[in-house]
Amino acid sequence: MPEYQVHEHDVLVIGAGGAGLRAAIAASAAGVSVGIVTKSLLGKAHTVMAEGGIAAALANVDERDNWKVHFADTMRGGQYLNEPRMAQIHAQEAPDCVRELEAWGAVFDRTAQGKILQRNFGGHKYPRLAHVGDRTGLEMIRTLQDYGIHQGIDVHMECVVITLLKDGDRVVGAFGYDRERGRFQLYHARAVVLATGGIGRAYKITSNSWEYTADGLALAYRAGAELKDMEFVQFHPTGMVWPPSVRGILVTEGVRGEGGTLKNKDGRRFMFDDIPPLYKNQTADNAEEGWRYTQGDRSARRPPELLTRDHVARAIVREVREGRGSPHGGVFLDIAWIREKMPHSAEHIKRKLPSMYHQFKQLADIDITKEPMEVGPTTHYVMGGVRVHPETQMSTVPGLFAAGECAAGLHGANRLGGNSLSDLLVFGKRAGAHAAAFAQEHQAGQVSAEEVGAAARQALEPFDRPSGESPFLIQRDLQETMQDLVGIVRREEDMHRALEVIEQLGERRRRAGVVGNREYNPGWHTALDLSNLLLISEAITRAAIERKESRGAHFRDDYPGRDDASGKSNLIIRQGPDGKMQIARKPLPELPAELKQIVEEMK
Amino acid sequence: MATATFRIWRGDSGGGEFRDYSLEISPGMVVLDAVHEIQAKQAQDLAVRWNCKVGKCGSCSAEINGMPKLMCMTRLNQLPLDAPITVQPMRTFPLVKDLVTDVSWNYEVKKKIKPFKPRKPDFPDGTWRMVQEDVDRIQEFHKCIECFLCQNVCHVLRDHRLHQQFVGPRFFVYVASLDMHPMDIEDRVEELKNAEGIGFCNITKCCTKVCPEEIRITDNAIIPLKERVVDRYFDFLRIGFSRLLGRKDRRALRNR
């Protein structure tokens, strides 16, 4: 029997990014005992890297904005595959969540009247993103962290969950280890909230931190929960492309929101060339109008650079493929040009985009106030995730909740920028509150000692093979495979090939070994992360094969058009009784008349 | 392609040694890339803490050629490559393993600092108004990524080990961010002087020099806080007037 330390909590939150912290605060406020498990130190989660802002219809900059416009924008951006009730709740509750953050000490940029300033972003009809320069995520996570540490929450830093524990149908705890010493940890809990973020580390070019290894999705799947819409992986149009070591690092959409333009090697502003019909009415048809929009002219329509991310990413891929890209395989993003329009433009850029200025100066030796940036698409976000109830965020497994990026539903086929930070707040809060209620209504469950023992033995297996292959190399091969075969533009035969490779990588993983001992051993950690990454890569690939149309972030070269029949269902993945992955189509929920009317009115 | 030698400290709290790793390097590489490359092919169990790789999370702090830096923001072309590049853990914190140190003390310190306490909302809808000018001042402090390099380099902690009596530059920045917050009404001066030990700081500005976010820690946070302590406890003329007038002139002090 392996040794382990035992912890008791009413609610266990796995993940300490925006959603996890907000969930923990909400659960604690409901009067239950709360523990957070985080793979990193507190305050380092991927949320810290979010740049643009929090989408919320505060109407501080444009009073025409309200929750209905935000709802309609979100549904249009998601190509109507969104869970409508989630999109409604999100649009209605985001403003209060932003105000709450301010009451806890967050300091947003201000309007001339002293209100929270809001900025333009892709797919949002009006300036809607509450922000702090281009480091909004840091402000958000630090505010939640600093507020949270006084709420009596136990934080288990640098700990990893390797399996959820069940009593019958219900989740009653989790089992994992601490990274520092490698000791096993058993967490008893009456309810568990997954807030583990996304899957970006399955790809080679990604904006995501190392932690994005699909843990929550894999834990939920193995516990019997359903995954939804896994084919929708968002490629952010603007990641750095040079130098190679920074490839994929995010360049915020805020650059385009502040007037940055995209050009090919011939200097042509190619985004005007192809404006989708869904957005024709809302998009400027000349450069002058687009500029006026970014500077707050309310009679102007948005520039095509601020179309949704899926569209902009594909337009960039097209330019590169057709030989019109920049020297290092991207396109040019130019904010320096605004010197033609305003005095002191360099100071303006540094004030509006301080983090981008710093990033390019330090990592690429480029002064963005003087020169254009080279950018290209980077894996950024997964719209799919654990299927949850739109009100409570509970998965199909009782006692298991999910919020933030690891939950599905809000964003449909494509997420609008800024909707992620608001998602974390709105649904983090809901998940925490409902998990607390669940914990109050249920007794503690029984944990199976056998199950725990088996999980521990399995986790230690890589140490039996000190001469086995390095897990880092297997992860690299997976990243290459997903990037090349299940990337921005997809084809049936490529994806079948990907499935074969994933299976082979699974075999290699089972033979992989680690050297050294259990204390802070990154090789071991990677070997364990790999099983989650491989499982979820398979889910992404199977869903992408199944959706034989192009919609939102999912683009099929062999089915370039939209298919109305496919567009009426979500794809659900679960583990079948035979242990194999099953995939099924689930018809979209009927849009209530009230919401249907909003969608029609805002077209 | 050029080759460089990385002299990386390997070991744990029981002891250790520098080991050399030879590596082919490519344009634009940063120290963290090199460490990862070594980890993937030569030393799987080499412990390193990192998250974002873009200078935003402050996880990968270390001492590179003796200078406290973020590994992810230190480009190899800024270092002389004809000699080995040394990479070692921060010295002020207890070692866990290799390049990873135990920074948990910092988290304990923060818990003890009086939290943000807002005034009543300015409007019945529960909102406040602030002007950008006031906000700018503390937004500088909010840039802090908690890399703890300033803590690592501060001689009060590094050489004198006064961890029990002195919170360190990071937390003076934190107290300043709370205290200069336009909405905050808490009083933290007594703690600054006593529990937080601001008097131990003798303004050598080492913290400011190593801050990767270029926060002017000494000038903009520590010195104004020191002035507050002086005004409260050592400015006898002011204390006399305050007693005479019978008012606590905190707001006026803040707005000086």
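Predicted model: local features only at pLDDT ≥ 70, side-chain atom pairs only at ≥ 80, totals over all residues.
A:Arg135 touches residues of chain B, among them B:Gln139, B:His142 and B:Lys143.

- The size of an interface is often given as the accessible area lost when the parts come together.
- Here, chain A and chain B bury about 5100 Å² between them, and carbon and sulfur atoms account for 54% of that area.
- Chain A brings 67 residues to the contact, and chain B brings 61 residues.
- Between chain A and chain B there are six salt bridges.
- A salt bridge also joins the side chains of B:Lys110 and A:Asp146, at 2.6 Å from N to O.
- Polar contacts between chain A and chain B come to 36 residue pairs, both residues being at pLDDT 80 or more.
- On the side of chain A that touches chain B, the elements giving two or more residues are α3 (84–103), α4, α10 (354–364), α13 (471–485) and α15 (522–546) of chain A.
- Which of these elements gives the most to that side of chain A? It is α10(A), with eight residues.

**A nonpolar patch on chain B**

- B:Val230, B:Phe234 and B:Phe236 together make a nonpolar surface patch of about 340 Å².
- One of these residues, B:Phe234, lies in the loop of chain B between α9 (217–233) and α10 (236–245).
- B:Phe234 is partly exposed, as its relative accessible area is 48%.

**B:Leu23, a buried strand residue**

- B:Leu23 belongs to strand β2 of chain B, which covers residues 15–24.
- Is B:Leu23 buried or exposed? With 7% relative accessibility, B:Leu23 counts as buried.
- Leaving aside neighbours within four places in sequence, B:Leu23 is in contact with B:Ala2, B:Thr3, B:Ala4, B:Phe6, B:Met29, B:Ala34, B:Glu37, B:Ile38 and B:Gln42.
- Between B:Leu23 and B:His163 there are 38 Å from C-alpha to C-alpha, and the two are 140 residues apart in sequence.

How values were computed:
Residues numbered from 1 in each chain as written. Chains lettered and ligands numbered in written order. Heavy atoms only, no water. Contact = heavy atoms within 4.5 Å. Patch = residues over 30% accessible without salt bridge, like charges linked within 9 Å, V, L, I, M, F, W, Y side chains within 5 Å. Areas by Shrake-Rupley, 256 points an atom, 1.4 Å probe, with all protein chains shown as cover. Salt bridge = Lys/Arg side-chain N within 4 Å of Asp/Glu carboxyl O. Helix = DSSP H or I, 4+ residues; strand = E, 2+ residues; numbered from the N terminus. Buried < 20%, exposed > 50% of the residue type's maximum accessible area, 1.4 Å probe, protein only. Buried area = accessible area lost by both parts, 1.4 Å probe. Polar contact = N/O pair within 3.5 Å; in protein donor to acceptor, adjacent residues only side chain to side chain.
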